Amino acid sequence: MKNLTLIALSTLLLSSSVDAAAKKFYAKVTVLKGRVSQLAPGAHNASWVKKGDFLKQDTSLVTRSRSFIKVKVLGDGSNVTLGPESKLVLNKLIKSKGSVVTLLTGTIRAKINKRKDAKKKETKFYIRTQSAALGVRGTEFVVAVNQENKVTSLITLEGEVDMIKADTLRPDVKVEDEVEASLKTDQVTTVRKGRASTSYLHKEAVTVPQKVNPAQLVALQKNDSLTQEVKGQKVKTIELSEARKEELYAPDTEAEKAMETPDITTKDVSGGFVDLKSAIFIPATADGQLKVGTVDNRSGQYIPPKG
């Protein structure tokens with residue numbers, strides 16, 4: 001009996017130590033291309049990331065040109081991809097509140113799994129940038145941040161994402177507390193499937209969500225690694241049926257329908273583009289006469305018109 005008790009106690013202590021160690025980690029590296037560095041909390045020097053590595057909370061990740069990294073968030077299995085020339089901080093993994101990351105520059109693409117209890121609508125993934133805060137429950141989206149102009153753009157590929165204008169990051173405030181509090185205000189904008197919203201420093205709120213060009217949506221759906229366009233290759237035009245186009249967007253809301261006129265409806269507008277490098281949204285013209293550019297059909301990157 002005494003031996004059984006000792007075995008049970010040893011098993012319990014081992015299990016507790018494993019759980020405690022697991023809480024220190026945020027994600028596991030599942031895909032890696034090129035060189036990506038990490039700066040772990042407390043470390044003085046950065047080190048190269050390897051596939052299969054477990055990344056601790058508060059780790060900073062930096063990708064180089066033509067490199068990217070995909071990680072699986074521990075606990076719920078959500079996937080987050082950091083594109084080339086980007087910097088991301090894996091702030092906290094809080095089971096009761098949700099995961100928190102800070103995108104300092106570049107692009108991320110995330111596919112966040114829904115909570116097992118579908119009745120709960122609590123946010124489970126938070127993103128903070130230099131100019132915005134975002135809250136996600138279960139959806140797929142792309143966020144682009146430009147460190148120089150402090151612009152943040154969100155493109156929702158599936159579901160919907162809450163977004164709000166936020167002031168410049170403050171080192172004296174915990175990101176997880178600040179983001180959660182911001183998204184509980186009545187200033188939040190919900191960005192639904194197929195639409196984009198942008199936060200500019202000179203504007204008081206994020207822009208009204210607008211439809212994204214279907215060619216860019218299709219390209220981004222395919223480009224799950226966020227790799228950039230290959231220079232020197234000819235851009236091909238993507239032809240989509242009307243039925244395929246409709247699948248890319250959530251149905252128009254009553255507010256969107258109210259903005260229509262007898263001459264112009266939401267179906268007449270082909271959708272704007274998000275320049276993933278500058279993070280600026282380029283709106284479409286209603287009549288389609290003015291050429292505002294196109295996209296690379298491999299990466300989804302905006303290509304401005306010539307001249």
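A search of the whole structure, a predicted model, finds two aromatic pairs (rings of Phe, Tyr and Trp, the last by its six-membered ring, with centres within 6.5 Å; planes under 30 degrees apart count as stacked, over 60 as edge-to-face and the rest as tilted). Phenylalanine 25 and phenylalanine 54 pair edge-to-face, at 6.0 Å centre to centre and 65 degrees between the planes. This pair links distant parts of the chain, 29 residues apart: phenylalanine 25 lies in strand E1 (residues 25–33) and phenylalanine 54 in strand E4 (residues 54–56). Strands (E, at least two residues) are DSSP runs, numbered from the N terminus. Phenylalanine 25 is partly exposed, with a relative accessible area of 24%, and phenylalanine 54 is partly exposed at 45%. Buried means under 20% relative accessible area, exposed over 50%, and partly exposed in between (1.4 Å probe, protein chains only).

Phenylalanine 273 and tyrosine 302 form a tilted pair, with 5.6 Å centre to centre and 40 degrees between the planes. Both phenylalanine 273 and tyrosine 302 are buried.

Strand E10 (residues 125–128) is covered on both faces, with Phe125 and Ile127 buried on one side and Tyr126 and Arg128 buried on the other. Strand E9 (residues 98–111) pairs with E10 in the parallel sense over four bridges, where pairing requires at least two DSSP bridges between two strands. E10 and strand E11 (residues 132–136) run antiparallel, joined by four bridges, and a hairpin of three residues connects them.

Residues are numbered from 1 along each chain as its sequence is written, and side-chain values use heavy atoms, without hydrogens and water. Local features need pLDDT of at least 70 and side-chain atom pairs count only at pLDDT 80 or more, whereas totals for chains, interfaces and linings use all residues.
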